[in-house]
Amino acid sequence: MNRLALIVLRNIWRLPGAYLKLCRYAKYPERYPEAERWAHVQKIMSWVVQTGNVDLQVCGKENIPQDGSFMLYANHQGMFDVVALAATCDRPLGAVYKKELKNVPVLKQILESTLSFDMDREDVRQSLTVIQNVIKEVQSGRNYLIFPEGTRSKNGNVMGEFHGGSFRAAAKAKCPIIPVAFIDSFKVLDQKGSAPVTVKMYYLEPIRYEEYASLKTVELADLVKGRIARAIEKGLS
């Protein structure tokens with residue numbers, strides 16, 4: 001059976017109510033505290049993990065700052081990456097995502113509930129506007145997620161290029177960067193079948209602004225990619 005179908009079947013009795021509540025949060029986010037909206041998103045994503053035959057092994061949650069804003073930069077293997085991040089990061093997150101996901105049911109409402117931004121990678125002006133918006137949000141105290149590869153890797157645990165421009169938001173906001181490494185997350189929703197699968201996820205030590213202030217964004221991209229690559233190599237050994 002397809003894993004997504006399995007997840008839907010196992011949660012069919014609670015999805016209608018959860019979806020209606022999510023729609024309210026998405027339509028009127030200003031009416032509800034961010035912590036309340038995030039708790040609901042977390043609950044839904046936790047259901048996906050618990051009912052999807054996934055053994056999600058998480059290390060380094062203590063590296064998530066307990067106060068102050070931050071940005072997560074993760075390697076991108078598939079749709080489960082977002083599920084795992086939302087299910088395990090206890091502090092609310094927004095995200096920068098490709099515009100093609102803007103109208104996917106459920107995902108659309110989650111992204112709107114978390115005040116996330118869709119990016120058109122073919123439109124330079126729109127992309128710059130998104131980065132400026134993220135900078136303002138982070139400076140105001142919110143946290144954001146970016147996948148610096150821009151799209152999911154087609155090579156399993158082998159990463160693609162990290163784009164330096166995606167690090168401009170963190171550099172301008174002068175916030176800590178938390179690298180996140182995924183191993184085998186592509187096996188959950190990007191492969192056929194629903195057999196049990198183990199996914200490893202590592203929240204790595206924060207990179208403070210003082211550590212990267214003198215770096216160009218391309219150099220910062222290489223630094224973050226290097227740390228994630230070492231975590232993946234260690235996790236696979």
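**Questions on a predicted model**

Visitor: What is the relative accessible area of Q191?
Guide: Residues are classed as buried under 20% relative accessible area, exposed over 50% and partly exposed in between (1.4 Å probe, protein chains only). Q191 counts as partly exposed because its relative accessible area is 42%.

Visitor: Which pLDDT do side-chain atom pairs need in order to count?
Guide: Residues are numbered from 1 along each chain as its sequence is written, and side-chain values use heavy atoms, with hydrogens and water left out. The model is predicted: totals for chains, interfaces and linings use all residues, local features need pLDDT of at least 70, and side-chain atom pairs count only at pLDDT 80 or more.

Visitor: Where is Q191 placed?
Guide: Elements here are DSSP runs numbered from the N terminus, namely helices (H or I, at least four residues) and strands (E, at least two). The C-alpha atoms of Q191 and E100, which are 91 residues apart along the chain, are separated by 20 Å. Q191 itself belongs to the loop between α8 (186-189) and β7.

Visitor: How many residues of strand β6 are buried?
Guide: In a regular strand, side chains alternate between the two faces of the sheet. In β6, I177, P179, A181 and I183 lie on one side and I178, V180 and F182 on the other, and all are buried. Strand β6 (residues 177-183) is thus mostly covered, the buried count being 7 of 7.

Visitor: What is the bridge partner of F182 in β7?
Guide: Two strands pair if DSSP finds at least two bridges between them. Strand β2 (residues 71-74) pairs with β6 in the parallel sense over 4 bridges, and M71 has I177 as its partner in β6. Strands β6 and β7 (residues 197-203) run antiparallel and are joined by 4 bridges. Within β7, the partner of F182 is M201.

Visitor: How far apart are the closest N and O atoms of D90 and K61?
Guide: A salt bridge requires a side-chain nitrogen of Lys or Arg within 4 Å of a carboxyl oxygen of Asp or Glu, and by this rule there are 7 salt bridges. D90, in the loop between α4 (80-88) and β3 (94-98), and K61, in the loop between β1 (54-59) and β2, are 29 residues apart. They form a salt bridge whose closest N and O atoms are separated by 3.3 Å.

Visitor: How many residues apart in sequence are the parts tied together by D190 and R152?
Guide: The side chains of D190 and R152 meet in a salt bridge with an N to O distance of 2.5 Å. D190 lies in the loop between α8 and β7 and R152 in the loop between β5 (144-146) and α7 (168-173), so the pair ties together parts whose separation in sequence, in residues, is 38.

Visitor: What kind of pair do the rings of Y73 and F167 form?
Guide: Rings of Phe, Tyr and Trp (its six-membered ring) pair if their centres lie within 6.5 Å; planes under 30 degrees apart count as stacked, over 60 as edge-to-face and the rest as tilted. By this rule there are 4 aromatic pairs. Because the ring centres of Y73 and F167 are 4.2 Å apart and their planes are at 15°, this pair is stacked.

Visitor: In which elements do Y73 and F167 lie?
Guide: Both Y73 and F167 are buried. The pair links parts of the chain 94 residues apart: Y73 is in strand β2, and F167 is in the loop between β5 and α7.
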